[in-house]
Amino acid sequence: MTRRPYIRLKFVECPSELFDRMEDCESWISKSWIQEEFLHIDVMPQKISLPRRYAFRYLQAEVIDTSSKYGIVIDGVSVDAVSAVDMADIQLLDSGDMLLDRIDRVGAKTLMDCMQSVFEDGPKRDRRLWLGDLRLQALANYETFKNYDMVKRCLYLFAGSTFSDGRIAACLFLEPEIAADDSYLMDYALLFVAILWEYYQETGDAETLRELYPRAIQQIDLCMELFVENDLVKEQKEPLCLLDWTVELDR
């Protein structure tokens, strides 16, 4: 029987990652986010389109096995780059300091990669919409791409995807449909208030402020229910806050 080609593709950001063994990765985060593909190619020649979205600077193609009758040639590799914004539309920093200017460009490019249908937490991870990330991304967006509609959309998605008691979830899943994660973080819920206020300060969009103001005030009221006398928080089974995150710290 003729052996069909069996190929492994690794997508990495740094050349050093090419030598990492992904199968040896041990983490409490799922390995499913690791960007690699194993391909069984039944018919050659063949045009192959990969199913996922990847974030990478380097691609390694490794032929794991194939027929001894022929070699393999990879030809015409191309990439479709996707984003809701364009680097050509912003004024990059020109400070005279080459290092600062490079940092600014890398930061703007990273933000661009995170701006898809919403502000994603990162192009290489699970690509969820997190409130904590949204606050920082929105502020950076106001100084660069100025995509106000995306900030507004994210605010409405959080406001419309709450728990039954009105609490805003820490993050949202985007596919196959918008759904709130089961995690609640008090400090993240309060960031909704800050994001809404900063959005209004930037845009003057009073209509959105009026519509979402009750949801913002509700987050403050719900948080106040978690406190007892002397401004102490009631004992909780799960951590209430992400800021100053560490496993050992009683936040």
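Rings of Phe, Tyr and Trp (for Trp, the six-membered ring) pair if their centres lie within 6.5 Å; planes under 30 degrees apart count as stacked, over 60 as edge-to-face and the rest as tilted. By this rule the count comes to six aromatic pairs. The structure is a predicted model, so local features need pLDDT of at least 70 and side-chain atom pairs pLDDT 80 or more, while totals for chains, interfaces and linings use all residues. Residues are numbered from 1 along each chain as its sequence is written, and side-chain values use heavy atoms, with hydrogens and water left out.

Take Phe11 and Phe56: their ring centres are 5.0 Å apart and the planes stand at 75 degrees, so this pair is edge-to-face. Phe11 sits in strand β1 (residues 6-12) and Phe56 in the loop between β2 (36-40) and β3 (58-65), so the pair ties together parts 45 residues apart in sequence. Helices (H or I, at least four residues) and strands (E, at least two) are DSSP runs here, numbered from the N terminus. Phe11 is buried, at 4% relative accessible area, whereas Phe56 is partly exposed, at 28%; buried means under 20%, exposed over 50% and partly exposed in between (1.4 Å probe, protein chains only). Ring pairs link Phe11, Tyr54 and Phe56 into a cluster.

Tyr142 and Tyr148 make a tilted pair, since their ring centres are 5.9 Å apart with the planes at 40 degrees. Tyr142 is buried at 4% relative accessibility, and Tyr148 is partly exposed at 24%.

Beyond its neighbours within four places in sequence, Leu129 has contacts (heavy atoms within 4.5 Å) with residues including Val118, Phe119, Cys154, Phe158 and Leu172.

There is also an open sheet of three strands, in the order β4-β5-β6 with antiparallel pairing; strands pair if DSSP finds at least two bridges between them. β4 and β6 (179-180) are at the edges with a single partner strand each, so one side of each has no neighbour in the sheet. Two bridges join β4 and β5, and Trp130 has Cys171 in β5 as its bridge partner.
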